[in-house]
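Here are some notes to read beside the model. Please keep the sequence and the structure open while going through them.

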Amino acid sequence: MDWDEVYRGQGFFGGPPPWNIGEPQPEIAALMRAGKFRSDVLDAGCGFAEASLALAAQGHTVVGIDLTPTAVAAATKAAQERGLTSATFVQADITSLTGYDNRFNTILDSTLLHSLPVESRDDYVRAVHRAAAPGASFFVLVFATGAFPADTDLPTPNVVTEDELREAVCKYWEIDEIRPAFVHATLPTPPDGPSQFDSDEKGRQKMPAFLLTAHKR
Ligand SMILES: C[S@@+](CC[C@H](N)C(=O)[O-])C[C@H]1O[C@@H](n2cnc3c(N)ncnc32)[C@H](O)[C@@H]1O
């Protein structure tokens with residue numbers, strides 16, 4: 001996936017990326033309502049940064065990191081326009097993140113893990129663990145195996161089984177919970193039939209996922 005091309009609206013989707021739903025993913029919004037975020041927050045693979053912007057609006061200090069200059073520029077502009085001075089955005093490869101040792105009390109991964117090559121997972125999980133303060137929380141929303149039908153035309157990310165997710169994270173983090181969840185997306189309507197996914201109350205597709213909660217020992 002050429003992420004920057006997608007954010008410029010020139011990639012496979014030919015428009016805004018389907019994972020950008022104009023608000024935080026509902027599973028993440030529920031964590032916010034439950035008061036699970038503590039500053040400073042790292043939004044890993046923030047994209048257009050709906051979660052970072054919502055957290056900053058609640059008074060949190062947030063750093064959003066993404067590989068693509070287009071997403072980082074858009075997130076920076078949105079924060080400026082909304083007067084959110086506690087949100088900053090940095091273009092970097094999260095798998096080799098340095099310079100933030102022990103800084104963050106919450107690490108958020110809203111659909112990043114399945115976007116990384118499988119061989120980069122360990123570098124990523126280790127890098128964000130290094131950036132986490134002792135006792136920090138780690139939340140991961142990730143597509144589950146089976147999220148995409150076998151005959152899908154969509155580009156398929158690196159979905160995980162529960163065991164793969166546990167194995168990827170437990171080397172560095174203490175896992176508290178892995179539970180079934182959903183990623184909500186605005187996928188293009190298939191030209192020759194109904195959507196392959198259930199819809200939510202806003203007409204968005206609901207795709208099977210896991211929500212992992214962990215903490216730094
Ligand atoms: C599916 S999108 C999720 C974006 C955002 N978190 C959200 O919930 O809308 C995955 C994001 O990870 C970013 N990404 C992929 N590989 C990355 C890497 N190595 N370092 C930093 N960001 C990366 C992509 O640019 C993209 O914005």
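1. The model is a predicted one, and the values below are computed from it.

2. On disulfides, the structure has zero.

3. Next, the ligand. Its space is the largest pocket. There are 17 residues around the ligand, and those that come nearest are Tyr7, Gly45, Asp66, Asp93 and Ser110. By type, the shell consists of nine nonpolar, six polar and two charged residues.

4. Which part of Gly45 lies 2.7 Å from a nitrogen atom of the ligand? For Gly45, the atom in question is a backbone N or O. With Tyr7, an N or O atom of the side chain is 2.5 Å from an oxygen atom of the ligand. Ser110 also has a polar side-chain atom facing this check: that atom lies 2.8 Å from a ligand oxygen atom.

5. How much of the ligand's accessible area does the protein cover? On its own the ligand has 590 Å² of accessible area, and the protein covers 94% of that.

Notes
Residues are numbered from 1 along each chain as its sequence is written. This is a predicted model: local features need pLDDT of at least 70, side-chain atom pairs count only at pLDDT 80 or more; totals for chains, interfaces and linings use all residues. Side-chain values use heavy atoms; hydrogens and water are left out. A residue is near a molecule or strand if one of its heavy atoms lies within 4 Å of it. A polar contact is a pair of N or O atoms within 3.5 Å; within protein, one must be able to donate a hydrogen and the other to accept it, and residues adjacent in sequence count only if both atoms are side-chain atoms. Accessible areas come from the Shrake-Rupley method with a 1.4 Å probe; for residues, only the protein chains shown count as cover. On a 1 Å grid over the protein atoms alone, a cavity is a set of points where a 1.4 Å probe fits but cannot get out, and a pocket is an open set with protein on both sides within 12 Å along at least five of seven lines; lining residues have an atom within 4 Å of a point. A molecule sits in a cavity or pocket if more than half of its atoms lie within 2 Å of its grid points. Ala, Val, Leu, Ile, Met, Phe, Trp, Tyr, Cys and Pro count as nonpolar, Asp, Glu, Lys and Arg as charged, and the others, Gly among them, as polar. A disulfide is a pair of cysteine sulfur atoms within 2.5 Å.
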